[in-house]
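Here's a quick briefing to read alongside the model.

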Amino acid sequence: MKYLSDRGLKSSKIVIDGKSHVLVQYDSSFYNSSFRIKTVVAHHDRVENTPGANDNSAACWLLMNWACYLAKYPSFHNVRIFFTDGEELGWNTGVNEQGAFGIASTFKRLGITNDDVYVFDACGRGEIPILARNNPSSKAGETFLKKFNDLYVRTQSLLSVSSPGRWMSLPVPYSDNASFLACGIPAVAITMLPAEEASLYARMINQDKNLENQVMNRESSRKERKEGNVPDYSYKDHLPLTWRLFHTPKDSIDSLTSVSFRVMESILKNLADSKIPL
């Protein structure tokens, strides 16, 4: 919050279920009720005793600077930004322990279900934007699936414009998008990977279909880990190196790449410019 206030930007601390989130909203002149609100999310917490440079300080730094850019935007942009707490808590305990679950539940209770929700996580390493490939259950309902697919396709277009021919859609471990999806609110997640890691991972996914289920933290996989039937992170060696650095001392500033920030700045600028009628 100090980083923002030092640059003349107001933010609010919001505590839900003991988790401390930071919300950035703008004056009414920056919003147009005829167009979709874009709720943009990055978690500010990190695993204790790790640097957390990529998971998730890089995305937070990018969004803080983007927040300052939006404060001087020449017209409406319809953006609000949440820096969430407690994202890391959902790994072994389930999505309802994530801090974003409280935000998503509040949105649902208030009837805020038509936002476009974009989650940015681990965006400081590599040159290839990765759109998390999700397959929501058909039990979610036809209306939800239509909204999700529409957002997913529009996000593909956003990445195509921002990084032409240099983006991929791959299975990605759930981030705060899981909380919104669990509450029936469509959400997409975007991360970054080095080109060689992304290509190798794509080949591994094609060769081993079970790997996708493991990566996506399915409830069955979590249950098996909890009961000790499979070792935690038993598939870790098959993940991109970038993800294997998470929660370790090697997730440091030295692991980050400058190209990631240039690509992300393009994505965020184009996201600000996108206007989707309701």
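Buried here means under 20% relative accessible area, exposed means over 50%, and partly exposed is anything in between (1.4 Å probe, protein chains only). Helices (H or I, at least four residues) and strands (E, at least two) are DSSP runs, numbered from the N terminus. This is a predicted model, so to speak of local features takes pLDDT of at least 70 and side-chain atom pairs count only at pLDDT 80 or more, while totals for chains, interfaces and linings use all residues. Residues are numbered from 1 along each chain as its sequence is written, and side-chain values use heavy atoms, with hydrogens and water left out.

- β8 is mostly covered, with seven of its seven residues buried.
- Which residues sit on each side of β8? Ala 187, Ala 189, Thr 191 and Leu 193 are on one side, Val 188, Ile 190 and Met 192 are on the other, and all are buried.
- As background, side chains in a regular strand alternate between the two faces of the sheet.
- Strands count as paired if DSSP finds at least two bridges between them. β5 (residues 116-120) pairs with β8 in the parallel sense over four bridges, and Tyr 118 has Val 188 as its bridge partner in β8.
- β6 and β8 run antiparallel and are joined by four bridges; here Ile 130 has Thr 191 as its bridge partner in β8.

**Helix α7**

- α7 covers residues 195-207, which makes 13 residues. From first C-alpha to last it reaches 19 Å, close to the 18 Å expected at 1.5 Å a residue (the expected span is 1.5 Å times one less than the number of residues).
- Its buried residues are Ala 195, Glu 197, Ala 198, Tyr 201, Ala 202 and Ile 205. Looking down the axis of α7, these buried residues fall within an arc of 160°, so they line one face of the helix (the arc is taken over the directions from the helix axis to the C-beta atoms).
- On the face of α7 turned away from that buried side you'll find the exposed residues Glu 196 and Gln 207.
- What covers the buried residues of α7? The cover includes β6 (128-132), β7 (168-170), β8 (187-193), α8 (209-215) and α10 (241-244).

**Two buried polar residues in helices**

- Thr 242 is in helix α10 and counts as buried at 1% relative accessibility.
- The side chain of Thr 242 makes a polar contact with the side chain of Arg 125 at 2.6 Å. A polar contact is a pair of N or O atoms within 3.5 Å; within protein, one must be able to donate a hydrogen and the other to accept it, and residues adjacent in sequence count only if both atoms are side-chain atoms.
- Contact in general means heavy atoms within 4.5 Å. Setting aside neighbours within four places in sequence, Thr 242 is in contact with Asn 54, Arg 125, Met 192, Leu 193, Pro 194 and Glu 197.
- Asn 177 is in helix α6 (residues 177-182) and is buried, with a relative accessible area of 1%.
- With neighbours within four places in sequence left aside again, Asn 177 is in contact with Val 119, Asn 134, Ala 187, Val 188 and Ala 189.

**Cysteines**

- A disulfide is a pair of cysteine sulfur atoms within 2.5 Å, and by this rule the count is zero.
- Cys 60 is in no disulfide, and its nearest cysteine sulfur, that of Cys 123, is 9.7 Å away.

**Backbone details to check**

- The peptide bond from Asp 55 to Asn 56 is cis, with omega near 20°. Asn 56 has its place in helix α2 (residues 53-70).
- Asn 49 has phi near 70°, a positive value in a residue other than glycine. Asn 49 lies in the loop between β3 (38-43) and α2 and is exposed, with a relative accessible area of 68%.
- Asn 78 also has a positive phi, near 60°. Asn 78 lies in the loop between α2 and β4 (79-84), but is buried, with a relative accessible area of 1%.
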